[in-house]
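Reader: I have a model open and would like to go through its packing with you. Could we begin with the aromatic side chains?

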Amino acid sequence: MTNQIRQQSQKPSLISSVVAQRWLSQTPECETDKECCQLNQSRAEIAALERALTISQQQLANAQRQIEALTNTRKTLEQQLLESDENYRQALHCAHHDELTGLPNRVLLLDRLQQAMAQADRQQRPVALLFIDLDEFKNINDELGHAAGDRLLKEVAGRLSACLRCGDTACRYGGDEFLVLLGEIDADRSVAAVIEKIQSQLAESCSINGKPVAISASIGAAIYHHDGQSSIDLLNRADSAMYRAKKLKLSQAIG
């Protein structure tokens, strides 16, 4: 009985000795208890720094992933912004230009007319508005088809643009009607010269579906301030002058 108790009391000391030997084999020997405390404290601090380093590395990796995600998001947003800007420009262009000919439409023409009239008031220089209507355009649609009529309208638009200065504006008013805004004209004679040039350009025949097509137009003109004080006045006066020119052509043709 006594021997059994002695053996049991020796087992803990044996285990403690093995653990101590393993610890000592992995640890520099301490000469004093103070050195052992300092060593243990240093080990604890190193372990804490290692844990902090691991956490920092994880945070850095997370931050890098967030930066990459934000960079990709920024690129996506920049691309969407460019597309939105392009869509806005296209929508703005469509809102102010004729879809068929690409010329400014009546909305843009009237806006430019208002600006030209305001500038004319400051500089005391007249502004002219031409109202152009193609003669016998319905016959072309009926004989050659609407597609041929559309090609003819495009041809007319190109020829009108070729007759104008940089600051002038040609507009498709609707159907086979066009408007031309002439800014800073010198005198009535210069308006007549432009009308003559337009008539000459339109008189040259063009080929539609392999057939030569002759173009002619009736043109009326109105001068600011002479023919009105507002854009509507000018438009109405130019329209009336165009119809007078058309009736004159018809009377000459009948006679």
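Reader: Which charged end sits over the ring of Y173?

Author: The charged end of R106 does, 4.2 Å from the ring centre. A charge sits over a ring if NZ of Lys or CZ of Arg is within 6 Å of the ring centre and within 35 degrees of the ring normal. Please note that this is a predicted model, in which local features need pLDDT of at least 70 and side-chain atom pairs count only at pLDDT 80 or more, whereas totals for chains, interfaces and linings use all residues. Residues are numbered from 1 along each chain as its sequence is written, and side-chain values use heavy atoms, with hydrogens and water left out.

Reader: How many aromatic pairs does the structure hold?

Author: There is one aromatic pair. F131 and Y173 are its members, in an edge-to-face arrangement with 5.6 Å centre to centre and 65 degrees between the planes. Rings of Phe, Tyr and Trp (its six-membered ring) pair if their centres lie within 6.5 Å; planes under 30 degrees apart count as stacked, over 60 as edge-to-face and the rest as tilted.

Reader: Which parts does the pair tie together?

Author: F131 belongs to strand 1 (residues 127-134) and Y173 to strand 2 (residues 169-174), so the pair links parts 42 residues apart in sequence. Helices (H or I, at least four residues) and strands (E, at least two) are DSSP runs, numbered from the N terminus.

Reader: Is F131 buried or exposed?

Author: F131 is buried, at a relative accessible area of 2%. Y173 is buried as well, at 18%. Buried means under 20% relative accessible area, exposed over 50%, and partly exposed in between (1.4 Å probe, protein chains only).

Reader: Turning to the core, which residues touch the most other members of the largest one?

Author: L130 and I198 do, in a nonpolar core of 32 residues. Helix 5 gives the largest share, seven residues. Such a core is a set of buried Ala, Val, Leu, Ile, Met, Phe, Trp, Tyr and Cys residues joined through side-chain atoms within 4.5 Å.

Reader: What does L130 touch?

Author: Not counting residues up to four places away in sequence, its contacts include F178, V194, I198 and I219. Contact means heavy atoms within 4.5 Å.

Reader: And what does the second core include?

Author: That separate core has 18 residues, among them A120, V127, C171 and Y224.

Reader: Finally, what does the secondary structure come to?

Author: The protein has seven helices and six strands. Buried residues make up 29% of its 255 residues.
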